[in-house]
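Morning, everyone. Please bring up the model on your screens.

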Amino acid sequence: MSRNNVSTKEVSVAEQGLEPAETEPAVEPLRPNVDLQTQAKVDANHPDAGMSGLSLAAEEKALAREAEKARTRERWDRRQSSDREARTRQVIAAGSHQRRDEFAERRASVDPWADPEQEDPRATLAQDELAAVNQEARRIAANTKGWTDAAVSRQLAARVANGDELVTAVIQVTEQIQEAPGTIIPIEAVSEVARGTVSIAGEWAEDWEPAHPAIQQVGLLEDDTGRIKVTVWRKSGQPRIDEGERVRLVDAATSWYDGRVSVALTGWSRVDFPERDRWWEG
């Protein structure tokens, strides 16, 4: 009786004519992207987040940061009756006095008459020199508002006592007064002032029609020495000036066109009406 031989030979998939199964992809570890990292920082720094969800290292760093903030805000002087503010004011006041004294010393070193403790320079002049100084001082003060005869004569006497001729002293003091901010000067002297603003007074002689929408008013201001064109810009917020009205313009800006000087009222300028201010006398 014959026996059937059973073969134990393994048959490969390829030999069987079958398709190979798809290989499963390798699993990579999860890593946070940029958006996740940014959101994690926002959540960690949120005031309502607290310490929850932080690692031990992050929690220790946050506690150290809060302790440093508390230490910085804490003032060393914890007394209820603290005098720290008073002591600070004293230090500031002492520094201010020291700077003022140093400025007075430097000014006195250049101009000996600037020291208020020095003798009045008018006392050092001869009688005829003092009479001439006082006469010129009255003339200068009459043409400039805001300066008294005594103040001008002291300035003149100081220069004459330093060796200047009276004519030279008159020119220098006149220029000094004209260039002083807020000093009312004659209209004819506007072209001689080196500053960008002047203060003048006179009568609003003519009122012209503005040539541009940005101009509120334009016209001529006149005094005993001459006339000058005045432009009032709309954005300056200045009041309107009536024709024939006397007015005082303080800190008006100067400008030049075709060799002629004119002034304009800006937001920094001031307009005074001497006759309007005396309304109670009417």
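**Charged pairs first**

The side chains of Glu206 and Arg227 form a salt bridge, 3.1 Å from N to O. By salt bridge I mean a side-chain nitrogen of Lys or Arg within 4 Å of a carboxyl oxygen of Asp or Glu. Glu206 sits in strand 1 and Arg227 in strand 3, so the pair ties together parts that are 21 residues apart in sequence.

A word on the source. This is a predicted model, where local features need pLDDT of at least 70, side-chain atom pairs count only at pLDDT 80 or more, and totals for chains, interfaces and linings use all residues. Residues are numbered from 1 along each chain as its sequence is written, and side-chain values use heavy atoms, with hydrogens and water left out.

Back to the pair. Buried or exposed? For burial, the cut-offs are under 20% relative accessible area for buried, over 50% for exposed, and partly exposed in between, with a 1.4 Å probe and protein chains only. Glu206 is partly exposed at 31%. Arg227 is also partly exposed, at 44%. Glu222 joins in: Glu206, Glu222 and Arg227 are linked in a network of salt bridges. The structure holds six salt bridges.

Now go to strand 6, residues 270–272. Asp272 lies there. Asp272 counts as buried, at 16% relative accessibility. Which side chains does Asp272 pair with? One is Arg248, in a salt bridge of 3.8 Å, N to O. That pair links distant parts of the chain, with Arg248 in strand 4, 24 residues from Asp272. Arg248 is partly exposed, at 24%. Another is Arg270, in a salt bridge of 3.0 Å, N to O. Arg270 is partly exposed, at 45%.

What does Asp272 touch beyond four places in sequence? Val247, Arg248 and Val250. A contact here means heavy atoms within 4.5 Å.

Strand 4 covers residues 246–257, and Ser255 lies in it. Ser255 is partly exposed, with a relative accessible area of 34%. Leaving out residues up to four places away, Ser255 touches Arg260, Val261 and Ser262. Check Gly196 as well. Gly196 is 59 residues from Ser255 along the chain, yet their C-alpha atoms are 8.0 Å apart.

**The nonpolar cores**

Next, the nonpolar cores. A nonpolar core is a set of buried Ala, Val, Leu, Ile, Met, Phe, Trp, Tyr and Cys residues joined through side-chain atoms within 4.5 Å. The largest one has 21 residues. Which members touch the most others? Val190, Ile200, Leu221, Ile228, Val230, Leu249 and Val263. Strand 1 (197–208), strand 3 (227–233), strand 4 and strand 5 (260–265) each give two or more residues to this core.

Take Val263. Not counting residues up to four places away, its contacts include Val190, Val198, Ile200, Ile228 and Val230. Lys229, Thr231, Ala252, Ala253 and Thr254 are also among them. Apart from this core lies another, of 13 residues, including Ile140, Val160, Val170 and Val173. In soluble globular proteins, nonpolar side chains tend to be buried together.

**Helix 6**

Helix 6 runs over residues 149–161, 13 residues in total. From first C-alpha to last, helix 6 reaches 18 Å, close to the expected 18 Å. The expected span is 1.5 Å times one less than the number of residues. Which residues of helix 6 are buried? Val152, Ser153, Leu156, Ala157, Ala158 and Val160. An α-helix has 3.6 residues a turn, so residues three or four places apart point the same way. Just after helix 6, Gly163 takes a positive phi of about 110 degrees.

**The whole chain**

Zoom out to finish. The chain has eight helices and six strands. From the N terminus, the order is α-α-α-α-α-α-α-β-β-β-β-β-β-α. How many of the 282 residues are buried? The figure is 24%. Among contacts between residues at least 6 apart in sequence, 46% join residues at least 24 apart. The chain exposes about 21200 Å², and carbon and sulfur atoms supply 51% of that. Those areas come from the Shrake-Rupley method with a 1.4 Å probe; for residues, only the protein chains shown count as cover.

Definitions and conventions:
Helix = DSSP H or I, 4+ residues; strand = E, 2+ residues; numbered from the N terminus.
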